[in-house]
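Let's walk through this model together, one spot at a time.

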Amino acid sequence: MKFHVMTLFPEMIEQGFHSSITGRAMEKGLLQLDAVNIRDYAVNKHMRVDDYPYGGGAGMVMQAEPVYRCYEAVKEKIGRDVRVIYLTPQGRVFNQKMAEEFAAEEDLIFLCGHYEGIDERVLEEIVTDPVSIGDYVLTGGELPSLVMMDAISRLVPGVLGNDMSAVGESFADSLLEYPQYSRPAVWREKEVPEVLLSGHHANVDAWRREQSVIRTAKWRPDLLETAQLTKKERILAEKILASEGEL
Ligand code: SAM
């Protein structure tokens, strides 16, 4: 998987991506990153890439031409049309299902905005996927693109040490993951649930599934709408919702 990021702050993308799991995956050649500075494609001698908005209003707008020239250069390197994700608070809100869909691509281009955003005309020309990371406004698209690249990367085969680690995590089957415990078995008088020490795999699986249902009902009841629950699990979820005042 290769990420091509069009940004005014390539060093921010590089620093964020070169550490920890994604950094190791890059060393192994499983992930590649090309952070491209939009300013290198400025069309004036002062290397300015922003200007005042037509119609007035606060702030500056990134101009169309540098963004388009940058895109053309990236596309030429890739050699074909690929999806262009524009990070914007106005886009579809990113989720695990979208991460899975993007992880199936070989190349992805991310376009990071700044200031008040980017001239609409170039967005109409090149963007295939406007995506938001949540209903709040950040100063630029760099952190959102790092968030998306991280979530997508861990679904690329081999990136996580153990390929199974991405299975059964939160949002798989629209449920949150069960609570996790590690040694010691007793910490400050708090014990690990006994079933986890039993070595009985079927009982452990059943306990974990039940905990997932309970936790989802308590913390993210909205997810239950699309969760595949048995009749018994549905009754359990409804009991939790009633006790939480959600029903
Ligand atoms: N004026 C724009 C609006 O109201 O929609 C917000 C511009 S924001 C200050 C600057 C840039 O930050 C955006 O172009 C976008 O790339 C990025 N950004 C801000 N919040 C974001 C979010 N929640 N998700 C994705 N990108 C975001």
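## A loop, a ligand and a helix pair

Pro 184 sits in the loop between α6 and β8 (186-187); helices (H or I, at least four residues) and strands (E, at least two) here are DSSP runs, numbered from the N terminus. This is a predicted model, where local features need pLDDT of at least 70, side-chain atom pairs count only at pLDDT 80 or more, and totals for chains, interfaces and linings use all residues. Residues are numbered from 1 along each chain as its sequence is written, and side-chain values use heavy atoms, with hydrogens and water left out.

Going from Arg 183 into Pro 184, the peptide bond is cis, with omega near 5 degrees. The loop between α6 and β8 also holds Asp 173, which isn't a glycine but has a positive phi of about 55 degrees. For background, most residues other than glycine have a negative phi, and most peptide bonds are trans.

Now for the ligand. There are 21 residues around it, and Leu 87, Gln 90, Gly 113, Tyr 136 and Leu 138 come nearest (near means a heavy atom within 4 Å). The table gives some polar contacts, meaning pairs of N or O atoms within 3.5 Å.

| Backbone atom of | Ligand atom | Distance |
|---|---|---|
| Gly 113 | oxygen | 2.9 Å |
| Glu 116 | nitrogen | 3.1 Å |
| Tyr 136 | nitrogen | 2.8 Å |

Taken alone, the ligand exposes 580 Å², and the protein buries 86% of that (accessible areas by the Shrake-Rupley method with a 1.4 Å probe).

How do α4 and α6 pack? Helix α4 (residues 96-103) and helix α6 (residues 142-153) make an angle of about 70 degrees, with axes 8 Å apart; axes are lines fitted to C-alpha atoms over the stretch in contact, and angles run from 0 to 180 degrees between N-to-C directions. That makes α4 and α6 roughly perpendicular to each other (65 to 115 degrees). On the α4 side, Ala 99, Phe 102 and Ala 103 meet Met 148, Ala 151 and Ile 152 of α6, with contact meaning heavy atoms within 4.5 Å. The residues of this contact are six nonpolar, no polar and no charged; Ala, Val, Leu, Ile, Met, Phe, Trp, Tyr, Cys and Pro count as nonpolar, Asp, Glu, Lys and Arg as charged, and the others as polar.

How values were computed:
Angles under 35 degrees count as roughly parallel, over 145 as roughly antiparallel, 65 to 115 as roughly perpendicular and the rest as oblique. A polar contact is a pair of N or O atoms within 3.5 Å; within protein, one must be able to donate a hydrogen and the other to accept it, and residues adjacent in sequence count only if both atoms are side-chain atoms.
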